[in-house]
Amino acid sequence: MLGVLKGLVTTWKTHWRAPVTVQYPDERLPLQPRYMGFPGLMWDAEHDEPFCTGCQVCMRYCPTGCMFVEMKDNPKFATGESKRRKIVADFTINLSRCISCSICVEVCNFEAIEMTHHHERAGYYPDQVAGLPTLFQMSADHRAGVGQKPGHETRNLL
Ligand code: SF4
Ligand code: SF4
């Protein structure tokens, strides 16, 4: 009998509690600053080129094999405009296979890639493969959303 009464009291209290759920997608809960969605590539505004050298370290460490990276000679190195001998030529991430583990961010020696708040990617396979422009845009959007300057080193700012 006591158990039944306790259960009724709990139900009564819960009935008056404000709901913690929202009507997605019309409503969304705010993301925490450190929330990790999918990775994006940062842009070096000072030299007007990517931070990424295309070294493929992230590609080799990615546990799901969803990254593809190619490197090329940096034309700006030849003209003295940049100290990067190599620069990324092509970079794609199949976001449908990315598990947002952030290993690519941890292993990058050039602080070129960061975890962004992008996470809503429902759709068909071809739309899930993000190329260079999309990956740069994801980082830029993320930084605009959290009030960070584009291209600045992430870990010191968070
Ligand atoms: S977050 Fe993890 S799974 Fe996604 S691209 Fe980076 S290393 Fe691969
Ligand atoms: S993001 Fe970093 S680790 Fe990956 S290819 Fe570019 S420079 Fe190398």
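Helices are DSSP runs of H or I with at least four residues, and strands are E runs of at least two. Pro25 lies in the loop between α1 (2-16) and β1 (39-41). The model is predicted.

Q: What makes the peptide bond from Tyr24 to Pro25 stand out?
A: Its omega is near 5°, and the bond is cis. Most peptide bonds are trans.

Q: Why is Ser100 called partly exposed?
A: Ser100 has 15 other C-beta atoms within 10 Å. Buried needs 20 or more, and exposed needs 12 or fewer. The count of 15 falls in between, so Ser100 is partly exposed.

Q: How do you know whether Glu111 counts as buried, exposed or partly exposed?
A: Glu111 has 17 C-beta neighbours inside 10 Å. That value lies between the cut-offs of 12 and 20, so Glu111 is partly exposed. Glu111 belongs to the loop between α4 and β6 (113-115). Its phi is positive, about 50°, although Glu111 is not a glycine.

Q: Which residues come nearest to ligand 1, and how does the shell divide?
A: Of the 14 residues around ligand 1, the nearest are Cys62, Cys98, Cys101, Ile103 and Cys104. Cys and Ile both count as nonpolar. The shell divides into eleven nonpolar, three polar and no charged residues.

Note on methods: Residues are numbered from 1 along each chain as its sequence is written. Chains are lettered from A and ligands numbered from 1 in the order in which they are written. This is a predicted model: local features need pLDDT of at least 70, side-chain atom pairs count only at pLDDT 80 or more; totals for chains, interfaces and linings use all residues. A residue is near a molecule or strand if its C-beta atom, placed from the backbone, lies within 6 Å of it.
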